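Reader: I am new to this structure. Please take me through one part of it closely.

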Amino acid sequence: MSVEEPFPREINYLRVSITDRCNLRCFYCTAWGTWEKLPAPEILRYEELLRIAAVAPKVGIRKIRVTGGEPLVRRGVVDFIQALHEVPGLEEVCLTTNGVKLQELAQALYDTGLRHLNLSLDTLERDRYLKITGSDNFLEVMAGLEKAAALGFNPLKINCVVLNGINDDELLNFALLTRDYPYQVRFIEFMPTVDPERWAHHFLPMAEVRRRLKVLGPLEPLEPEGTAGPARIFRLPGFRGDLGFISSVSDHHCPTCNRLRLTAAGRLRPCLFAGQELDLKVPMRQGATDELLASLFQDAIRLKTCESGYRSLDSPLPGRAMVSIGG
Ligand code: SAM
């Protein structure tokens, strides 16, 4: 089944939020505490998630990233990831985590066949970690990272949202991690979700991030991977790991955006910034066929135009905390 859509891009990547619960309270991800949790019955059950995952390859999805909320707080997540690996047509299963439970679960996750792991980490300082996340789990996260590296997760990506005035004095320290470790450290522009004024206060454009990293040497560009997202990847001469830059705000990447999102409530979201969501849960619970679910996917792909992405403070915002949309 192929879908005609207005840009020469293949929509092959689905980010699946399996829960809107999280064990951290990062101030920017919870949109300064405006985060409302779903009642448990509203969250898709694993068998429903697996049914959607089985339909997705019929419309071209080849890669699924499990996210949240914090996916590792949901009971049964390891079995779910194991089952995803068995879905015909899915070529890549990835996980994004804050790493708090990684030390405990890394081995079991590795044993499912999972190799693609993204760890969100915005600071390398314990006190600051507490301030950003509201939680004193820095040492656990670092232990989890070490364990994941020792097991051989690869690619192992560290996602750092750059927050002006909060962690922008750590850019060099993050980049220097790639001198000693084969990680991909990715700097991500802070995106506005609900409060443009507070967002503007902490926004730092990626061009400025790159300018500050110049002291480390010339950035050598690398080719992006097949189903890779919007990151531009580089390596510093002689370094073991890579650096990625994601400029979702200053250089919006709509024409190459290859992703859809599924919220924990079972709504398919064509674009982070466009408000539209297509409900899969209610039709599925009312007995929808796989064909109907596939046609809803196709509708979502058709709705994925290039007019919705973030362009200026006049652009519509997601209107919800990232933790509840599924980052
Ligand atoms: N709990 C998991 C984690 O921490 O990776 C998965 C969900 S979390 C919503 C996914 C990512 O979204 C995190 O890296 C977080 O830093 C990022 N994020 C949240 N709000 C953001 C924003 N306004 N702009 C850019 N990234 C954001």
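How much space lies in the second largest pocket? And what lines that pocket?

Author: First, the ground rules. This is a predicted model, where local features need pLDDT of at least 70, side-chain atom pairs count only at pLDDT 80 or more, and totals for chains, interfaces and linings use all residues. Residues are numbered from 1 along each chain as its sequence is written, and side-chain values use heavy atoms, with hydrogens and water left out.

Now the pocket. About 190 Å³ of space lies in the second largest pocket. A pocket here is an open set of points on a 1 Å grid over the protein atoms alone, where a 1.4 Å probe fits, with protein on both sides within 12 Å along at least five of seven lines; lining residues have an atom within 4 Å of a point. The volume is the space filled by probe spheres set on the points, which are joined across faces, edges and corners.

The lining has 14 residues. N154, P155, L156, P182 and Y183 lie nearest the centre of the pocket. By class, six lining residues are nonpolar, four polar and four charged. Ala, Val, Leu, Ile, Met, Phe, Trp, Tyr, Cys and Pro count as nonpolar; Asp, Glu, Lys and Arg count as charged; the others, Gly among them, count as polar.

The bond from N154 to P155 is cis, with omega near 5°. Most peptide bonds are trans. P155 sits in the loop between helix 5 (138–151) and strand 5 (156–162). Helices (H or I, at least four residues) and strands (E, at least two) are DSSP runs, numbered from the N terminus.

Backbone angles also stand out in another loop. A31 lies between strand 1 (13–17) and helix 1 (46–55). Its phi is positive, about 50°, although A31 is not a glycine. W32 is found in the loop between strand 1 and helix 1, and has a positive phi near 55°. Most residues other than glycine have a negative phi.

How covered are they? A31 is buried, with a relative accessible area of 1%. W32 is partly exposed, at 23%. Buried means under 20% relative accessible area, exposed over 50%, and partly exposed in between (1.4 Å probe, protein chains only).
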